[in-house]
Amino acid sequence: MTKIMKRFQEILLHVYPDRPMVGAIERVHWLASHTGATVTVFGVLDNHISLFGNFLSAPRDEASGPNHQSFENELTLITQGFTDDGIQARMIMSEGAEVAEILKQIAVGNHDLVVKSMDRTQGSALWPSVDLQLLRQCPTALWLLHPDHPSRVQHLLAAVDLDVDSDPDHALINETVMEMATSLAVIDNGLLDVLHAWWMPEESGLRHGLLREPKEVVDQLVATAKNEAHWCLSKLTERHAHPDIDMHTRLIAGQPAEVIPTYAAEQGVDTLIMGTVGRTGFANLLIGNTAEDVLKKLHCSLLVVRPPSDEVSTST
């Protein structure tokens with residue numbers, strides 16, 4: 001068991017009422033049994049419809065929601081399954097706005113990994129889905145499991161951003177992504193692809209803008225930038241090479257938000273690992289986040305990690 005996996009000592013398993021949870025339960029069971037982590041089986045009876053984030057809400061018709069006792073029984077059975085196998089587990093059920101309750105439990109329980117089923121609702125820019133809100137605000141690693149997620153990862157995709165000059169956090173995130181990806185590849189004996197979506201933002205302006213350069217000059221600039229990206233990708237993967245991992249590098253031209261989900265779908269990837277730095281409020285609305293854009297188009301599980309020192313920013 002590798003060091004980065006051992007850091008998961010408090011796992012929060014978020015359970016939805018009346019939704020299949022077999023894949024998530026099996027994944028958490030395996031992790032907890034091999035790391036000695038404590039599992040919190042957590043459910044929220046969401047009796048509110050969010051209107052403006054977590055600030056304003058309207059009561060939901062109780063008859064349309066899950067039965068309190070039946071949901072509690074479901075959580076109890078899941079918890080009992082862990083304890084019967086010697087895993088420390090506890091059950092907590094709360095009521096309120098779903099995202100707010102999850103974040104509150106993360107803070108109270110000092111959780112270092114949140115596992116939940118993927119929410120397929122898209123939401124909107126002003127009223128984002130639960131998964132998008134957690135992607136922005138969750139201070140820990142977040143594993144969103146696709147309903148068809150296998151009990152063991154078979155094909156991993158680690159998406160890295162080699163543009164470290166534009167943001168010093170990228171280097172830390174890349175290392176964390178690679179540590180997590182190689183750990184899972186060893187644990188599950190899965191295939192690992194490491195992908196960098198490469199592009200040169202100024203290329204279009206140099207070819208077609210007011211400051212056009214000769215084609216041969218632009219071609220040379222593009223070739224140089226691509227070679228540098230290839231070199232950086234090779235160095236990154238060399239640092240994380242492991243004799244038991246079938247690892248392949250992929251350098252693909254294009255925007256990350258388009259390249260990553262397309263590659264994942266075409267290659268049959270079942271788990272994507274990537275990093276993010278939390279951003280909320282107007283900063284997120286204006287700037288956006290690659291992980292969020294990818295999530296909207298993704299059809300596999302997503303494991304999002306943050307650099308060790310990352311704090312979710314709410315600044316504008």
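Two strands count as paired here if DSSP finds at least two bridges between them. Helices (H or I, at least four residues) and strands (E, at least two) are DSSP runs, numbered from the N terminus. With those terms, select strand 11 (residues 271–275) and strand 12: the two pair in the parallel sense over five bridges.

**Before going on**

This is a predicted model, in which local features need pLDDT of at least 70 and side-chain atom pairs count only at pLDDT 80 or more, while totals for chains, interfaces and linings use all residues. Residues are numbered from 1 along each chain as its sequence is written, and side-chain values use heavy atoms, with hydrogens and water left out.

Colour the model by pLDDT, the predictor's confidence in each residue, from 0 to 100. The mean for the protein is 82, and 78% of its residues reach 70 or more. Over residues 50–64 the pLDDT is below 50, and this stretch has 21 contacts in the model beyond near neighbours in sequence; contact means heavy atoms within 4.5 Å. Residues 280–288 also stay under 50, with 16 contacts beyond four places in sequence. Where pLDDT is low, the predicted coordinates should not be read in detail.

**The whole protein**

Show the cartoon: the secondary structure comes to 11 helices and 12 strands. Of the 316 residues, 46% are buried, where buried means under 20% relative accessible area, exposed over 50%, and partly exposed in between (1.4 Å probe, protein chains only). Among contacts with a separation of 6 or more, 78% are between residues 24 or more positions apart.

Select the 10 strands of the open sheet, in the order 5-2-1-6-7-12-11-8-9-10; the pairing is mixed. Strand 5 (89–95) and strand 10 (246–253) stand at the edges with a single partner strand each, so one side of each has no neighbour in the sheet. Neighbouring strands are turned by 20° against each other on average, direction ignored. Axes are lines fitted to C-alpha atoms, for helices over the stretch in contact, and angles run from 0 to 180 degrees between N-to-C directions.

Return to strand 12 (residues 301–305), where five of its five residues are buried. Ser301, Leu303 and Val305 point one way and Leu302 and Val304 the other. Strand 7 (residues 141–145) runs antiparallel to strand 12, with three bridges between them. Leucine 142 stands opposite valine 304, and glycine 275 stands opposite valine 305.

**Helices**

Select helix 9 (residues 256–266), which lies across strand 8, strand 9 (191–198), strand 10 and strand 11 and runs at about 155° to strand 9.

Next, display helix 6 (residues 169–188) with helix 8 (residues 215–239): they pack at an angle of about 45°, with their axes 10 Å apart. Helix 6 is therefore oblique to helix 8; angles under 35 degrees count as roughly parallel, over 145 as roughly antiparallel, 65 to 115 as roughly perpendicular and the rest as oblique. For the contact, show Asn174, Glu175 and Met178 of helix 6 and Leu236, Thr237 and Arg239 of helix 8.

Helix 5 (residues 130–137) is mostly covered, with seven of its eight residues buried. The buried ones are Val130, Asp131, Leu132, Gln133, Leu134, Leu135 and Arg136.

**Loops**

Serine 151 lies in the loop between strand 7 and strand 8 (155–159). Its relative accessible area is 31%, so serine 151 is partly exposed. Show Glu26 and Arg27, which serine 151 touches, not counting residues up to four places away in sequence. Valine 22 is 129 residues from serine 151 in sequence and 8.7 Å away in space, C-alpha to C-alpha.

Finish with two asparagines. Most residues other than glycine have a negative phi. Asparagine 110, in the loop between helix 4 (98–109) and strand 6 (113–117), has a positive phi near 50°. At 59% relative accessibility, asparagine 110 is exposed. Asparagine 189, in the loop between helix 6 and strand 9, has a positive phi of about 55°. At 64% relative accessibility, asparagine 189 also counts as exposed.
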